[in-house]
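Work through the exercises below with the sequence and the structure at hand. Each task is followed by a solution in steps.

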Amino acid sequence: MCLAIPARVVRLLDDDKALIDIGGVHNEISLGLVEDVAVGDYVIVHVGYAIARLDADEADRTLALFAQMVSEHEGSSGEIH
Amino acid sequence: MNEALQALPLLFSICGVAQASAGMAACEEAQGIAATGAERARRSLLVAAEAVREHAGRLLLDWPRLFIDAPPGLEDLAVLHRSVVALRCALGGGIWQATAGGVPPDMDLSVASEQLSEIDAALAHGVFAMSADDWLQIRDRAALRQWYRRAPTVAARTLGAVEDCRLAELGRSSVGVLPRITSGTFSAVLDADTADRFTARPVWDGRACETGPLARQSRRSLVAEMQRLQGNGLMTRFVARLTELASLPRRMGRYLQVMHGGTGRRTLRGSGGGASATQSGTGIVETARGCLVHRVNLRGGIVERYRIVAPTEWNFHPEGALVHALLALPVTGVQELRRRVAMLVVALDPCVEHEVIVEPAPTEEL
């Protein structure tokens with residue numbers, strides 16, 4: 001299902017691109033669809049494009065939710081549905 | 001329950017409005033609350049705006065890359081993204097008001113109306129090369145062909161390329177479309193012992209079904225003709241997506257009119273229930289990718305069980321539309337095979353990232 005983990009912008013690159021970090025994995029994405037993105041911001045990425053910029057509070061709450069889901073998943077043998 | 005509703009748009013942010021709307025509908029039904037007509041219109045408008053963004057994303061990002069080797073239509077898509085965000089803000093904020101049956105938020109309907117015009121103009125410029133309403137007057141294959149041979153947009157050129165490369169029937173199969181199913185029927189299925197299997201691999205009447213634009217638009221004359229002539233291959237699926245995209249601005253306008261009519265009052269249907277009572281509800285929302293179902297079971301206001309059936313589970317079912325299409329693919333070399341698989345996947349538009357890996361079949365020992 002379409003879970004979307006916030007990605008942190010690590011570096012701004014040429015051509016409206018950026019390097020992002022998701023859980024330690026770095027990827028290059030396009031910023032062509034969102035405005036005013038700075039290093040340290042969190043974005044939602046879909047098929048190589050940032051489609052939304054999150055405010056810090058929203059990003060923190062989302063990351064905490066994912067951390068909670070992973071922790072609960074590791075504590076059980078069930079699948080995340 | 002409120003925590004669950006607040007989590008939905010954060011976890012499922014690709015189609016967060018649709019997810020939040022389905023969750024809200026499920027929780028309201030469980031609590032015996034009926035949203036007002038104006039509130040239902042507000043949610044439908046926001047879901048439709050999200051669908052515009054998602055459909056346009058496929059048309060302007062994926063189609064040029066896969067079919068005409070052209071750069072993506074970023075400028076038009078960026079305009080659409082900005083307008084959808086502005087529309088959402090005008091209708092109550094960027095984050096869904098995640099309280100079941102909550103009071104209507106502050107809204108500016110005149111700004112919403114302006115943004116709707118912006119969306120209409122961006123679609124006319126970037127997709128249809130005419131107004132969406134005018135495009136909907138195309139009712140047969142001959143008129144459609146005239147359009148895609150003359151219009152300069154990525155969408156039109158893609159349809160031309162699909163025809164030129166003899167890809168129109170790529171992915172054609174006998175998999176039928178998912179009919180409209182009532183929430184009561186889904187409720188029974190999702191409360192049954194077999195519900196976990198259903199959420200992972202849903203079937204209807206024992207068969208895998210396709211959900212999404214083709215299922216919803218198959219009664220439109222153009223889509224019906226394309227289906228009759230070329231089955232449910234790439235061309236028909238693309239025409240169905242274009243048809244749905246073209247119909248969205250007018251539908252959004254109608255929702256806005258309902259909102260102008262007033263907010264009304266929400267009503268309690270009186271299912272009641274004490275602190276320990278069990279309450280259940282189902283929410284169904286048609287998203288860009290297809291039918292999305294949420295089922296919630298509450299006990300004393302606490303979520304006891306929550307189940308979701310996502311559209312991708314229908315379309316990417318092991319016996320579903322994609323797998324049937326893949327099994328019928330002619331082997332034309334690894335590179336071409338990978339390209340065609342990517343086309344089929346994009347035509348069904350999964351909500352997750354995908355990667356195509358081609359492996360030779362194991363050699364059978366004699």
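A residue counts as buried under 20% relative accessible area, as exposed over 50%, and as partly exposed in between. The model is predicted.

**Exercise 1. Classify both partners of the salt bridge between B:Glu163 and B:Arg145, and state what the pair ties together.**

Step 1. The two side chains meet at 2.7 Å, N to O.

Step 2. B:Arg145 has a relative accessibility of 34%, so this residue is partly exposed. B:Glu163, at 23%, is also partly exposed.

Step 3. B:Arg145 belongs to helix H7 (residues 141-150) of chain B and B:Glu163 to helix H8 (residues 154-164), so the bridge ties together parts that are 18 residues apart in sequence.

**Exercise 2. Describe the interface of chain B and chain A: how many residues are in contact, and which salt bridge crosses it?**

Step 1. On the side of chain B, 27 residues are in contact with 22 residues of chain A.

Step 2. The two chains bury about 2300 Å² between them, with 69% of that area on carbon and sulfur atoms. B:Leu10, B:Leu11 and B:Ile14 supply 27% of what chain B buries against chain A, more than any other three residues.

Step 3. One salt bridge is found across the interface. Its partners are B:Arg82 and A:Glu35, at 3.4 Å from N to O. A:Glu35 sits in the loop between strand S3 (25-30) and S4 of chain A, while B:Arg82 is in helix H4 of chain B.

Step 4. A:Glu35 has a relative accessible area of 47% and is therefore partly exposed. B:Arg82, with 39%, is partly exposed too.

Step 5. Two residue pairs are in polar contact across the interface. H1, helix H3 (37-68) and H4 of chain B each supply at least two residues of the side that touches chain A. H4(B) gives the most, with five residues.

**Exercise 3. Decide whether B:Val84 is buried or exposed, and list what it touches.**

Step 1. B:Val84 is placed in helix H4 (residues 74-90) of chain B.

Step 2. Its relative accessibility is 2%, so B:Val84 is buried.

Step 3. Leaving aside residues up to four places away in sequence, B:Val84 touches B:Ala49, B:Arg53 and B:Ile119.

Step 4. B:Glu118 is 34 residues from B:Val84 in sequence, with 9.3 Å between their C-alpha atoms.

**Exercise 4. Find how the buried residues of helix H1 (residues 56-74) of chain A are arranged, and what covers them.**

Step 1. H1(A) has 19 residues and reaches 27 Å from its first C-alpha to its last, close to the 27 Å expected.

Step 2. The buried residues of H1(A) are A:Glu58, A:Ala59, A:Thr62, A:Leu65, A:Phe66 and A:Met69. Viewed down the axis of H1(A), they fall within an arc of 130 degrees, so they line one face of the helix.

Step 3. The cover over these residues includes strand S4 (42-46) and strand S5 (49-54) of chain A, together with helix H1 (2-11) of chain B.

Step 4. The face turned away from the buried side carries the exposed residues A:Ala56 and A:Glu74.

Technical notes
Residues are numbered from 1 along each chain as its sequence is written. Chains are lettered from A and ligands numbered from 1 in the order in which they are written. This is a predicted model: local features need pLDDT of at least 70, side-chain atom pairs count only at pLDDT 80 or more; totals for chains, interfaces and linings use all residues. Side-chain values use heavy atoms; hydrogens and water are left out. Helices (H or I, at least four residues) and strands (E, at least two) are DSSP runs, numbered from the N terminus. The expected span of a helix is 1.5 Å times one less than its number of residues. Buried means under 20% relative accessible area, exposed over 50%, partly exposed in between (1.4 Å probe, protein chains only). The arc is that of the directions from the helix axis to the C-beta atoms. Contact means heavy atoms within 4.5 Å. Buried area is the accessible area (1.4 Å probe) that two parts lose on being put together, summed over both. A salt bridge is a side-chain nitrogen of Lys or Arg within 4 Å of a carboxyl oxygen of Asp or Glu. A polar contact is a pair of N or O atoms within 3.5 Å; within protein, one must be able to donate a hydrogen and the other to accept it, and residues adjacent in sequence count only if both atoms are side-chain atoms.
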